[in-house]
Amino acid sequence: MKDEIRLYLRARVALIVLVTIEEQRAIDILDEVRRERDPGADLVVWDVADHFTSAAKAPSGQRPLPETGDPGTALDKIKELANKAPERRDIYVLKDFHEFWGRDPRIRRKLKNLAQQLVYTGASLVVVAPTRGVPVELRNDAVVVELPLPTEALLRQELDALIASTTGVRAALTGPGRAKLAQAALGLTVAQAKRAFAKAIVRDGALDERGIDTVLQEKKAVVRESGALEFYPVEESTEDVGGLDALKRWLTLRERAFSEEATQYGLPAPKGLALIGIPGTGKSLTAKMIGGQWRLPLLRLDVGALFGSLVGESEERVRLAVQLAETVAPCVLWIDEIEKALAAGGLDGGTSQRVFGTILTWMQEKTAPVFVVATANDVAALPPETLRRGRFDEVFFLDLPTERERREIIAVHLRKRRRDPEAFDVHHLAQISDGFVGAELEQAVIDAMYHAFAEDRDVRTADVTEALLRTVPLSRSQREVIEHLRAWLRQGRAQPASAGADRRDPAGPGPGPGLELDLPGDPDGWEGELN
């Protein structure tokens, strides 16, 4: 970042817009550039509260500064100072100007004129703003530089400095331990990371491995405040997901994909995975399982929260969410029900298309090790270019579970509720639940337990059987929708997530035991009876 700013200053770019919420870090970077470029120059900062102040550390060329809180007058004073000593290579930093240039054309014109005049002096102008919404009038004269979130090395420096400056702190962390603590703070600003470190010291009275949990909790709160991203605990494992053997095998082969050994072997980091399928078949659960299996942070991107009411706000939220995900990387980014990004149907002035296009472009061009897991229920709502190779390494279809998979799913949910599957006739339950998805099987177990709890006894196979017979599965209530999705699979557009599944099997979903099926839209004229 310092090299980029230094390069622009040497190229006589008179107006730089530095996009960041870390004002003090931006000032420190600019002051380092000033000292290396010209120790005799000054770093002058203006804001609406303190007006003009010198932020230069150990300057040798300070001058008396004017006093004004008006932004227009402040620009006039900068012009006067630069013209009095055109040979000086001072840097003028303007805070809060994003509040003025959007609503006052006079400020935009003054800023444009000043930028053009400073080209013939040694002075430079830097606007520090939290967003990159530069007015159209200034885009020809300004360059936009985004200050990235701090790296692990910078956070390690801040941690070491905090430990050294705090008296009475027992630091029980070794070098690798401090590196883990700094890595846990990735995605936070310097100020947020220092607060998290300080909280760990105050709470525990020392700095040890417990501080990692404290920092992670703080990071979850910060990410949650961003609106569009949310940290999810990585508690699920492959044992918590029944069936889907082909998908699990694919994930196991790439379990070490983000390791240094994989890089040295010549393997690129995997880009992502698309999970298409019937609602309730475990797409969201699979996304959580990937984070747990690969031991990577799991971030969920809420597509609906990306949209804002102001012009450009939605695109800004996408940019911030992507930047945060890349900072936390390597990580798993879960985009749930990605088709919701186009839910407006073109009635929002094109905002949804721009947001969706921004996400797709980033997925194609990203170099950071962010593994994207996108789930979708309505594949017809997705543009054809969404699922192409280059954005995703593979597209999997999650179909209705087979009988063997239903046995595994029922056993998983019984174990989750501290029941021994061996005490139940799981084989019988799997047979009578043909056409049920995993979510419906889980709910049947829960309903059976409520029934048994009300009678002050333990749950039995008969209770689960009764709950299953009372349930109307999605494969019956939404038969046409399910068949449309399965027809999409039979066209060879995705890989079956279940091992041994035949994508060309024309059999539709069975709605239950002993029920006749008549699918008039089936190309093979198939009909049959499932028992």
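In helix α9 (residues 245-253), the buried residues are Ala246, Leu247, Lys248, Trp250 and Leu251; buried means under 20% relative accessible area with a 1.4 Å probe, protein chains only. Helices (H or I, at least four residues) and strands (E, at least two) are DSSP runs, numbered from the N terminus. These buried residues pack against β10 (272-277), α11 (283-294), β13 (370-376), β14 (394-398) and β15 (495-496), where contact means heavy atoms within 4.5 Å.

This is a predicted model, so to speak a calculated one: local features need pLDDT of at least 70, side-chain atom pairs count only at pLDDT 80 or more, and totals for chains, interfaces and linings use all residues. Residues are numbered from 1 along each chain as its sequence is written, and side-chain values use heavy atoms, leaving out hydrogens and water.

## A six-stranded sheet

Let's turn to the sheet. An open sheet of 6 strands runs in the order β3-β2-β4-β5-β1-β6, with mixed pairing; two strands pair if DSSP finds at least two bridges between them. β3 (51-54) and β6 (142-146) stand at the edges with a single partner strand each, so one side of each has no neighbour in the sheet.

Strands β1 (residues 15-19) and β5 (residues 124-129) pair in the parallel sense over 5 bridges. Within this arrangement, Leu18 has Val128 of β5 as its bridge partner.

## The largest pocket

The lining of the largest pocket has 20 nonpolar, 11 polar and 11 charged residues. Here Ala, Val, Leu, Ile, Met, Phe, Trp, Tyr, Cys and Pro count as nonpolar, Asp, Glu, Lys and Arg as charged, and the others, Gly among them, as polar.

How values were computed:
Buried means under 20% relative accessible area, exposed over 50%, partly exposed in between (1.4 Å probe, protein chains only).
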